Amino acid sequence: MFIPKANRIATFSYLFKEGVLVVKKDTVSATHPHIEGPSNLEVMMLMKSLASRGFVRITFNRQYNYCYLTDEGIEYLRTYLALPAEIVPATHKK
């Protein structure tokens, strides 16, 4: 599936900022409720791609996918988004 770069960057930025992403299993929804730009299907496919590479751990519960960023995923998104090492996701802050 082709996903525009702006939608990919918006999704990855939100995931890195929060550390967790919730995606409803709804392919018909026009947009994702928390991220401006990408559709719900695009976000689902991006998380599926990251999970297959081991950057995200997905837990499915009651029609929702809960995507948790792993340590390898933090490093990958940090290089992809060109962020400095002192910036960490909200789930890793004390």
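This briefing walks through the sheet, the helices and the aromatic pairs of the structure above.

The model is predicted, so local features need pLDDT of at least 70 and side-chain atom pairs count only at pLDDT 80 or more, while totals for chains, interfaces and linings use all residues. Residues are numbered from 1 along each chain as its sequence is written, and side-chain values use heavy atoms, with hydrogens and water left out. Helices (H or I, at least four residues) and strands (E, at least two) are DSSP runs, numbered from the N terminus.

- Let's begin with the strands: 3 of them form an open sheet in the order 1-3-2, with antiparallel pairing. Two strands pair if DSSP finds at least two bridges between them.
- Strand 1 (20-24) and strand 2 (56-61) are the edge strands, each pairing on one side only.
- On average, neighbouring strands of this sheet are turned by 20° against each other, direction ignored. Axes here are lines fitted to C-alpha atoms, for helices over the stretch in contact, and angles run from 0 to 180 degrees between N-to-C directions.
- Strand 2 and strand 3 are joined by 6 bridges and run antiparallel. Thr59 stands opposite Tyr66 in strand 3, and Arg57 stands opposite Tyr68 in strand 3.
- These two strands form a hairpin with 2 residues between them, and Arg62 in the turn has a positive phi of about 50°.
- On the other pairing, 5 bridges join strand 1 to strand 3, again antiparallel; Lys24 has Tyr64 in strand 3 as its bridge partner.

- Buried means under 20% relative accessible area, exposed over 50%, and partly exposed in between (1.4 Å probe, protein chains only).

**Helix 3 and its packing**

- Helix 3 (residues 71-80) has Gly73, Ile74, Leu77 and Arg78 as its buried residues.
- Seen down the axis of helix 3, the buried residues fall within an arc of 135°, so they line one face of the helix. The arc is that of the directions from the helix axis to the C-beta atoms.
- These buried residues pack against helix 1 (5-18) and strand 3 (64-69), where contact means heavy atoms within 4.5 Å.
- After helix 3 comes Ala82, with a positive phi near 55°.

**Aromatic pairs**

- Rings of Phe, Tyr and Trp (its six-membered ring) pair if their centres lie within 6.5 Å; planes under 30 degrees apart count as stacked, over 60 as edge-to-face and the rest as tilted. By this rule the count comes to 3 aromatic pairs.
- The rings of Phe12 and Tyr80 have centres 5.3 Å apart and planes at 80°, so this pair is edge-to-face. Phe12 lies in helix 1 and Tyr80 in helix 3, so the pair ties together parts that are 68 residues apart in sequence.
- Phe12 is buried at 3% relative accessible area, while Tyr80 is partly exposed at 28%.
- Phe55 and Tyr76 have ring centres 4.6 Å apart and planes at 10°, so this pair is stacked. Phe55 sits in the loop between helix 2 (40-52) and strand 2, and Tyr76 in helix 3, 21 residues apart.
- Phe55 is buried at 15% relative accessible area, and Tyr76 is partly exposed at 22%.
- Phe12, Phe55, Tyr76 and Tyr80 form one aromatic cluster.
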